[in-house]
Amino acid sequence: MDILRRNNVKVTGSPGSPVVMLAHGFGCDQNMWGLVAPALAEEFQVVLFDYVGSGGSDPSAWSAERYGSLDGYARDVVEVCEALDLRDVAFVGHSVSAMIGVRAAATAPERFSSLVMVGPSPCYVDDDTYRGGFSAEDIDELLESLESNYLGWSAAMAPVIMANPERPELGEALTNSFCATDPAMARVFARTTFLSDSRDDLKSVDVPTLVLECAQDVIAPREVGGYVHAAIPGSRLITLDATGHCPQLSAPEATTSAIRAFLRELR
């Protein structure tokens, strides 16, 4: 299968420039980077794609077995890099994609030179020594609601995840993105996302890493950003003056500026 068609890959920017790969989170697609990608493309070669089961990807390539694990999504990332023969990639992952990027970099370290984690969470469930932001009961209720009425869940949850109620168009954009995803595929991705535990994977990260968190985020509270930063030696933590879980939409200039400054320092 043509990997570039399968994952709806689009490349912008100047050939030969450093490569930045932008990866979306659950319920989203590459359009979530629409306010960030053009600015980065002025200086970098930007690779956009959709995970199988999202956006404009080829739904015939989807399987519950492969995409029932974060490793399946990491394989998408690595295979896109192989198809484009990319090396020294700066991988920018939003939400669950931050952990997918960690797994991709561990699988094919020759392909990746740095990581940028936007609103990362290695584990969403609290335990005795870790605060992920949700109890096990919270996650069970979330998944039950999502699985019983995905469109209703999307309409209710997207504005909460996005926050910024004074800018309702942002919540509407996320709602539309959620609702455009096939419910059956979304249910699998949701369980893969919210039941995953990637805390042990963080110790494998050995490339320069930037952790971007929002000042207020109901999905990835600041305790989580601090945990990720502490778990990855030498990482940098920046708290954006932004609210919600999608700063690439709510605070695109600040998000772009932080990513650009970090990558410039590495050149």
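1. Asp 127 is partly exposed in this predicted model, because its relative accessibility is 36%. Its side chain meets that of Arg 199 in a salt bridge, with 2.8 Å from N to O. Arg 199 belongs to the loop between helix 8 (183-194) and strand 6 (209-216), while Asp 127 belongs to the loop between strand 5 and helix 5 (136-148); the pair therefore ties together parts that are 72 residues apart in sequence. Arg 199 has a relative accessibility of 18% and so counts as buried.

2. The loop between strand 5 and helix 5 also holds Ser 135. This serine counts as partly exposed because its relative accessibility is 24%. Ser 135 is in contact with Val 125 and Asp 126, once its neighbours within four places in sequence are left aside. For Ser 135 and Val 125, the separation is 10 residues in sequence and 5.4 Å in space, taken from C-alpha to C-alpha.

3. Side chains of opposite charge can pair when their charged atoms come close. In the whole structure, a search finds 18 salt bridges.

4. One of these pairs is Arg 5 with Asp 58, whose closest N and O atoms are 3.1 Å apart. Arg 5 is partly exposed because its relative accessibility is 47%. Asp 58, in turn, is buried because its relative accessibility is 14%.

5. A further salt bridge joins the side chains of Glu 79 and Arg 6, at 2.8 Å from N to O. Distant parts of the chain are linked by this pair, for Glu 79 lies in helix 3 and Arg 6 in helix 1, 73 residues apart. Glu 79 and Arg 6 are both buried. These two residues belong to a network of salt bridges that also links Arg 66 and Asp 76.

6. Thr 12 has Val 46 in strand 3 as its bridge partner.

7. The packing of helix 6 (residues 150-162) against helix 7 (residues 168-179) occurs at an angle of about 145°, and their axes are 8 Å apart. The crossing of these two helices is right-handed. On the helix 6 side, the contact includes Tyr 150, Leu 151, Trp 153 and Met 162; on the helix 7 side, it includes Leu 170, Leu 174, Phe 178 and Cys 179. The residues of this contact comprise 12 nonpolar, 3 polar and no charged.

How values were computed
Residues numbered from 1 in each chain as written. Predicted model: local features only at pLDDT ≥ 70, side-chain atom pairs only at ≥ 80, totals over all residues. Heavy atoms only, no water. Axes fitted to C-alpha atoms, helices over the stretch in contact; angles between N-to-C directions. Helix = DSSP H or I, 4+ residues; strand = E, 2+ residues; numbered from the N terminus. Left-handed = near helix turned anticlockwise from the far one by under 90°. Contact = heavy atoms within 4.5 Å. Nonpolar A, V, L, I, M, F, W, Y, C, P; charged D, E, K, R; others polar. Pairing = 2+ DSSP bridges. Salt bridge = Lys/Arg side-chain N within 4 Å of Asp/Glu carboxyl O. Buried < 20%, exposed > 50% of the residue type's maximum accessible area, 1.4 Å probe, protein only.
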